[in-house]
Amino acid sequence: MNILVVGGAGYIGSHAVRFLLAAGHRVTVYDNLSRGHRESIPEDSLVVGELTDREKLVGLLRDRGIEAVMHFAAFALVNESVSNPSEYYCNNVIASLELLEAMKEAGVRKIVFSSTTATYGEADTMPISEDAPQRPISPYGFTKLVIERALSDYANAYGFGYV
C-alpha cells in the first residue's frame, strides 16, 4: 500500500514508518520538522511541509498515488497545551482539518488517526474502555476529541474510512 505518514519524523510516527517499510509498504513522510527529527527517517521518503499548505498536500497525495494517510502530526504536551492553548488549536485542530480537506480534494478516503486517552479526562473506571464518557480536561485532550468527531462526520458525509 502507498501510505503518507504525516508527523512521520516524530517519535511515534518514525516507529510507524519503520514498521510500514519493513512490511513492504511504500511510505512518504510529510513533516514540518518543528518537533520531529530528519535523521529518524530515510531521507528519500521525507517531504518537508505544513499541513496548512493545501495545494502542496493535494499535489503530493495525487502525484504519489497515496492510498491512505497515517496522522501523527500533533503537539502532545498537556502542560504546554494549558499554558499555550492557541498553539494546540492551530496545530491539532486547524491543521488536521486542512489535512482532511486535502484528502477529500485528492480522493484519499482512508486515515489512521493517532489520538489519546486524554480525551477521556479523569476516567470513572480503569482500565478505560472505548465507550467511556469523553470529558477531556486539557486543551490537548479536547483538540484530539475535536478531530475524532470530525472524522466521524467526514465518514458520514464523504465516505472516509478511519480508525
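Contact here means heavy atoms within 4.5 Å. The points below concern a predicted model.

1. **Leu20.** Start with helix H1, residues 11-22, which holds Leu20. Leu20 is buried, at a relative accessible area of 7%; the cut-off for buried is under 20%. Not counting residues up to four places away in sequence, Leu20 touches Ile3, Val5, His25, Val27 and Met70. Leu20 and Asn2 are 18 residues apart along the chain, and their C-alpha atoms are separated by 9.8 Å.

2. **His71.** Strand E4 covers residues 68-71 and includes His71. Is His71 buried or exposed? His71 is buried, with a relative accessible area of 2%. Its side chain reaches the backbone nitrogen of Ala73 at 3.3 Å. Neighbours within four places in sequence left aside, His71 is in contact with Val6, Leu51, Ser96, Leu99, Ile111, Val112, Phe113 and Ser114.

3. **H4 against H5.** Helix H4 spans residues 85-106 and helix H5 spans residues 139-158. Their axes come within 9 Å and cross at roughly 15°. That angle makes H4 roughly parallel to H5, because angles under 35 degrees count as roughly parallel. The crossing of these two helices is right-handed.

4. **Residues between H4 and H5.** From H4, the contact takes in Pro85, Tyr88, Tyr89, Asn92, Val93, Ser96, Leu97, Leu100, Glu101 and Lys104. From H5 come Pro139, Tyr140, Phe142, Thr143, Val146, Ile147, Ala150, Leu151, Tyr154 and Tyr158. By class, the contact of H4 with H5 has 15 nonpolar residues, three polar and two charged.

5. **Asn92.** Asn92 is buried, with a relative accessible area of 3%. Which residues does Asn92 contact, leaving aside its neighbours within four places in sequence? They are Ala74, Phe75, Tyr140, Thr143 and Ile147. Asn92 and Ile147 are 55 residues apart in sequence, yet 8.0 Å apart in space, C-alpha to C-alpha. The side chain of Asn92 also makes a polar contact with the side chain of Asn91, at 3.0 Å.

6. **H2 against H4.** Helix H2 covers residues 54-63. The axes of H2 and H4 come within 9 Å and cross at roughly 45°. H2 and H4 are therefore oblique to each other. H2 passes H4 in a right-handed crossing.

7. **Residues between H2 and H4.** H2 brings Arg54, Leu57, Val58, Leu61 and Arg62. These meet Glu98, Leu99, Glu101, Ala102, Met103, Glu105 and Ala106 in H4. The contact of H2 with H4 divides into seven nonpolar residues, no polar and five charged. Glu101 of H4 is listed in the contact with H2 and also in the contact with H5.

8. Most residues other than glycine have a negative phi, and most peptide bonds are trans. Two places are worth checking against that background. Leu33 has a positive phi, near 60°, in a residue other than glycine. Leu33 sits in the loop between strand E2 (26-31) and strand E3 (46-48). A cis peptide bond joins Met126 and Pro127, with omega about -10°. Pro127 is found in the loop between strand E5 (110-113) and H5.

Terms used: Residues are numbered from 1 along each chain as its sequence is written. This is a predicted model: local features need pLDDT of at least 70, side-chain atom pairs count only at pLDDT 80 or more; totals for chains, interfaces and linings use all residues. Side-chain values use heavy atoms; hydrogens and water are left out. Helices (H or I, at least four residues) and strands (E, at least two) are DSSP runs, numbered from the N terminus. Buried means under 20% relative accessible area, exposed over 50%, partly exposed in between (1.4 Å probe, protein chains only). A polar contact is a pair of N or O atoms within 3.5 Å; within protein, one must be able to donate a hydrogen and the other to accept it, and residues adjacent in sequence count only if both atoms are side-chain atoms. Axes are lines fitted to C-alpha atoms, for helices over the stretch in contact, and angles run from 0 to 180 degrees between N-to-C directions. Angles under 35 degrees count as roughly parallel, over 145 as roughly antiparallel, 65 to 115 as roughly perpendicular and the rest as oblique. A crossing is left-handed if the near helix is turned anticlockwise from the far one by less than a right angle, and right-handed if clockwise. Ala, Val, Leu, Ile, Met, Phe, Trp, Tyr, Cys and Pro count as nonpolar, Asp, Glu, Lys and Arg as charged, and the others, Gly among them, as polar.
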